Amino acid sequence: MTSPHSARRAAPTPRLIATDLDGTLLRDDKSVSERTIAALAAAERAGIEVFFVTGRPARWMDVVSDHVHGHGMAICANGAAVVDLHSGGTFLEVRPLAREIALDVVASLRAAAPGTSFAVELTTGIHYEPQYPPFFLDPGASVASAEKLLFEEEPGAAAPVIKLLAQHPELDPDVFLATARAAAGTLASFTRSSPTALLEISGPGVSKASTLALCCAERGISAEEVVAFGDMPNDIEMLSWAGRSYAMGNAHPDVIAAASGRTVANNEDGVAAVIERILAGTLDD
């Protein structure tokens with residue numbers, strides 16, 4: 001009789017690796033380790049495409065822009081934008097959040113979670129309310145109410161909205177996400193990637209998973225041929241869609257539940273550890 005262990009076979013080599021950045025590919029100091037750089041390069045030499053799939057906007061992709069090899073493609077803002085890192089972050093596709101929907105979301109969250117403040121991420125940069133705590137001061141940012149930031153004198157003439165951000169100073173992050181989805185989940189897509197009560201809001205149906213699926217379909221790549229990595233709730237749909245997926249050792253409990261496998265933490269080069277096993281043919285199904 002053949003034992004389960006002796007019957008185990010090496011998993012087939014994937015055609016595409018999709019990896020989140022913060023808390024996943026990047027170490028906590030936002031660096032990419034030499035081991036990870038080498039693993040990414042080796043994967044592309046083996047004919048495996050590598051996609052960076054992140055909640056970051058295109059303007060924050062400098063952390064990995066020096067480490068792209070083949071195509072240099074990235075899916076940014078949780079699926080709202082596809083950019084070419086080889087050309088300095090040129091937008092190849094944008095899946096915007098309509099401003100009228102964003103205004104409805106703002107009204108719904110103000111009613112459901114008083115004290116919420118907002119920022120508006122456009123293809124041209126970020127703008128925010130006076131109460132919103134920006135991560136990085138942007139000298140080009142406008143400071144005004146969300147309603148004013150989203151107002152268009154000529155409908156369709158302004159830069160596309162790729163993400164609406166909502167921050168609450170007191171609520172538990174998961175409670176805030178559940179509250180927002182209950183209040184406005186039919187209007188837009190809600191997720192989070194920060195350890196604080198900061199929500200990221202995209203157009204209906206826009207997610208890392210849906211945009212990755214579109215990019216893969218253009219290349220004739222099936223979900224079964226994709227390996228994905230992530231650590232936070234904004235990665236859950238992508239990890240559930242991919243044929244094989246890995247939650248980081250530092251991942252949110254809901255991410256661990258969604259992934260088909262688990263690797264070590266980002267500070268221990270968890271993505272590189274799996275890629276090395278893929279290329280060595282020692283990664284089991």
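Modeller: Gladly, and let us begin with overall size: this is a predicted model of 285 residues, and its radius of gyration is 19 Å, in agreement with the value near 19 Å for a compact globule of that length.

Biologist: How do you know what a compact globule would have?

Modeller: The radius is taken over C-alpha atoms, and the globule rule is 2.2 Å times the number of residues to the power 0.38. For 285 residues the rule gives a value near 19 Å, so the 19 Å of the protein agrees with a compact globule. Along the principal axes, the C-alpha trace spans about 70 × 40 × 35 Å.

Biologist: What should I know about the numbering and the rules behind the values?

Modeller: Residues are numbered from 1 along each chain as its sequence is written. Since this is a predicted model, local features need pLDDT of at least 70, side-chain atom pairs count only at pLDDT 80 or more, and totals for chains, interfaces and linings use all residues, while side-chain values use heavy atoms, with hydrogens and water left out.

Biologist: What is the mean pLDDT of the protein?

Modeller: The pLDDT is the predictor's confidence in each residue, from 0 to 100. The mean here is 90, and 91% of the residues reach 70 or more. Residues 1–9 have pLDDT below 50, and beyond near neighbours in sequence this stretch has four contacts in the model. Where pLDDT is low, the predicted coordinates should not be read in detail.

Biologist: How many helices and strands are there, and what makes a run count as one?

Modeller: The protein has ten helices and 13 strands. They are DSSP runs numbered from the N terminus: helices are H or I with at least four residues, and strands are E with at least two.

Biologist: Why is F118 called buried?

Modeller: Buried means under 20% relative accessible area, exposed means over 50%, and partly exposed lies in between (1.4 Å probe, protein chains only). F118 has 0%, so it is buried. F118 sits in strand β6, residues 117–122.

Biologist: Which residues does F118 contact?

Modeller: A contact means heavy atoms within 4.5 Å. Leaving aside neighbours within four places in sequence, the partners of F118 include V106, L109, Y128, Y132, L164 and A166. F118 and A166 are 48 residues apart in sequence, yet 4.6 Å apart in space, C-alpha to C-alpha.

Biologist: What makes E225 partly exposed?

Modeller: E225 has 25% relative accessibility, so it counts as partly exposed. E225 is in the loop between α7 (208–218) and β11 (226–230). Not counting residues up to four places away in sequence, E225 touches P14, R15, L16 and G220.

Biologist: Is A259 buried or exposed, and how do you know?

Modeller: At 14% relative accessibility, A259 counts as buried. A259 is in the loop between α9 and β13, and its contacts beyond four places in sequence are L239, S245, Y246 and A247.

Biologist: Why is A251 called buried?

Modeller: A251 has a relative accessible area of 11%, and therefore it is buried. A251 lies in the loop between β12 (244–247) and α9 (253–258). Setting aside residues up to four places away in sequence, A251 touches G230, D231 and I256.

Biologist: What are the phi values of K30 and D269?

Modeller: Phi of K30 is near 70°, a positive value in a residue other than glycine. Phi of D269 is near 65°, also positive and also in a residue other than glycine. K30 is in the loop between α2 (21–25) and α3 (34–45), and D269 is in the loop between β13 (261–262) and α10 (270–280).

Biologist: How much of the whole protein counts as buried?

Modeller: Of the 285 residues, 53% count as buried. Among contacts between residues at least 6 apart in sequence, 57% join residues at least 24 apart.
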